[in-house]
Number of protein chains: 2
Amino acid sequence: VSTVTCDMAMSVDGYTAGPGQRLDAPFGDGPVDRLTRWMIEAREDNAAEIAGILGAGAYIMGRNMFGPDRGEWDLSWTGWWGEEPPYQAPVFVLAHRPRPPVALRGTTFTFVPGVAEAMALARDAAGGRDVSVAGGAATVNQFLAAGLIDELRLHVAPVLLGRGERLFVGVPGSDLVPVSARQTPLVTHLTYRLPR
Amino acid sequence: VSTVTCDMAMSVDGYTAGPGQRLDAPFGDGPVDRLTRWMIEAREDNAAEIAGILGAGAYIMGRNMFGPDRGEWDLSWTGWWGEEPPYQAPVFVLAHRPRPPVALRGTTFTFVPGVAEAMALARDAAGGRDVSVAGGAATVNQFLAAGLIDELRLHVAPVLLGRGERLFVGVPGSDLVPVSARQTPLVTHLTYRLPR
C-alpha cells in the first residue's frame, strides 16, 4: 500500500504562497522566492529532501497548480514547467471541467473531477510507491481535513510573508507524530506522521 | 545592551492557545496541554531551552497572561502561578488600569501602561541580561510588528489545534536568520534572529 506524502514549502508564519497569484507570478507577490530558494540554490544541502519530493510514484495537484484558471481550458497550456516538468511519474490534476491528458517528457497530466477518483487512480499508478499530494495549499488542506495524508513534510523557509495563502485552514485538530527535523541554511525540514 | 528574546509554544498550525481562554482554562479549550507537555514531562530532554526561558533578566507580558481581565483589578489575584511563580526576575505587565506591584518569591510584577515604558523598565532591570517577551500571542504580535524582538524561539509541539489564538497576526513580512533547530520527542525547537 502506498504512503500518501505531502511536501509543502512554508514561511515561518504559515504561508505557502503570497497574495496575487497570477500567470507571471505563480507564487504570488512578496518575497515568495524565499520559499523555494533552497530547492534552486542549495540542491546539495537539501539533496535527500529533494529526492523525497521527486521520488513519488504518482502526484495529485489542484487545478491552480497546473495553471491559471480562466474558465475554458486553453489547450496550448501544458503546465507551469515547460516541456520538461520535474515530475517523472503520472500527475492527476483535480479539475471539474474535463480536458484530454497532457503527455510530456517523463509524465502525463490527467484531469479528474474528484478527490476519491484522483486518489484511486494515483494509488494504482504508483504501484506501491508514494502518492504525493503536491499542492497548492487549498488542495492540501482538503486532503488533510479528509485524513488522506500519512506523512506531512514541511519545508520551513526563514521568512515571514505577512499575508498570502495559508496552510491548515479548515483542518481540524489532531495529534501528530514527529519523525525528523533538519536545518540547512535556507530551510528547516520538519516531517510528521498523521493519524489515519 | 540586552537581547530581547521571545519564547512561544506553538502548534504546527500556528496556534499558541486554544479558543475559550478563561479562569479554569488559561490556555483555552482543546488539547492545548500538548503545547506545554515538553516543559512538564520532559524537563531533561529540553533542559537547555527551559534554562533559556528561565534565564532572562526581566520579563514583559500582556494583561491576560497575568490573569483574567474582569474590568476592575481583583487585588487578591497575584497571577496564575501561585506563591512561587517560575519567573526569577522582575516582570512588567502591560495594563492600562494602574495597580500596585505584586511582590512574590523571586519576582515582582509591576504594571505599566505602554510598550515603550515596559521595554525601558525591563532593559534597566535586566542589567545587560536578556529581556524576554513572555506572551501571550497578542502581546508578542505587537512587539514583533514593532520590530522590538531580536530572537524568536518557537517551541513547536506535534499537534494541530485547528483553532485558537494565532501567532504572527498583523506582523509584516521580513527575512529571518535561522539559528538552530532541535527536535525532542515532545517538541521541535526553532530559533530565529529578526532584523532590527
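Colleague: Why is F66(A) called buried?

Modeller: In this predicted model, F66(A) has a relative accessibility of 0%. Buried means under 20%, so F66(A) counts as buried.

Colleague: What makes F66(A) and F109(A) an aromatic pair, and why is the pair called tilted?

Modeller: Their ring centres lie 5.2 Å apart, and rings pair if their centres lie within 6.5 Å. The planes stand at 55°; under 30 degrees would count as stacked and over 60 as edge-to-face, so the pair is tilted.

Colleague: Which parts of chain A does this pair tie together?

Modeller: F66(A) lies in helix 3 (residues 63-66) of chain A and F109(A) in strand 6 (residues 107-112) of chain A, so the pair ties together parts that are 43 residues apart in sequence. F109(A) is also buried, with a relative accessible area of 0%. Both residues belong to one aromatic cluster, whose members include W73(A) and Y87(A).

Colleague: Why is the pair of W81(B) and Y87(B) called edge-to-face?

Modeller: The ring centres are 5.3 Å apart and the planes stand at 90°. Over 60 degrees counts as edge-to-face, so the pair of W81(B) and Y87(B) has that name.

Colleague: Are W81(B) and Y87(B) buried or partly exposed?

Modeller: W81(B) has 23% relative accessibility, which falls between the limits of 20% and 50%, so partly exposed is the term. Y87(B), at 8%, is under 20% and therefore counts as buried.

Colleague: How do you know that R99(B) sits over the ring of W73(B)?

Modeller: The charged end of R99(B) is 5.1 Å from the centre of that ring, and the distance limit is 6 Å. In chain A, the charged end of R99(A) sits over the ring of W73(A), 5.1 Å from its centre.

Colleague: What makes R63(B) buried?

Modeller: Its relative accessible area is 13%, and the limit is under 20%, so R63(B) is buried. R63(B) is placed in helix 3 (residues 63-66) of chain B. Among the residues that R63(B) touches are W73(B), V93(B) and L94(B). Its side chain reaches the backbone oxygen of P68(B) at 3.5 Å.

Colleague: Why are strand 5 and strand 12 of chain B said to stand at the edges?

Modeller: The open sheet of chain B has the order 5-6-4-3-7-1-8-13-12. Strand 5 (102-104) and strand 12 (177-184) each have a single partner strand, so one side of each is left without a neighbour in the sheet.

How values were computed:
Residues are numbered from 1 along each chain as its sequence is written. Chains are lettered from A and ligands numbered from 1 in the order in which they are written. This is a predicted model: local features need pLDDT of at least 70, side-chain atom pairs count only at pLDDT 80 or more; totals for chains, interfaces and linings use all residues. Side-chain values use heavy atoms; hydrogens and water are left out. Two strands pair if DSSP finds at least two bridges between them. Helices (H or I, at least four residues) and strands (E, at least two) are DSSP runs, numbered from the N terminus. Buried means under 20% relative accessible area, exposed over 50%, partly exposed in between (1.4 Å probe, protein chains only). A polar contact is a pair of N or O atoms within 3.5 Å; within protein, one must be able to donate a hydrogen and the other to accept it, and residues adjacent in sequence count only if both atoms are side-chain atoms. Contact means heavy atoms within 4.5 Å. Rings of Phe, Tyr and Trp (its six-membered ring) pair if their centres lie within 6.5 Å; planes under 30 degrees apart count as stacked, over 60 as edge-to-face and the rest as tilted. A charge sits over a ring if NZ of Lys or CZ of Arg is within 6 Å of the ring centre and within 35 degrees of the ring normal. Lists of a residue's contacts leave out its neighbours within four places in sequence.
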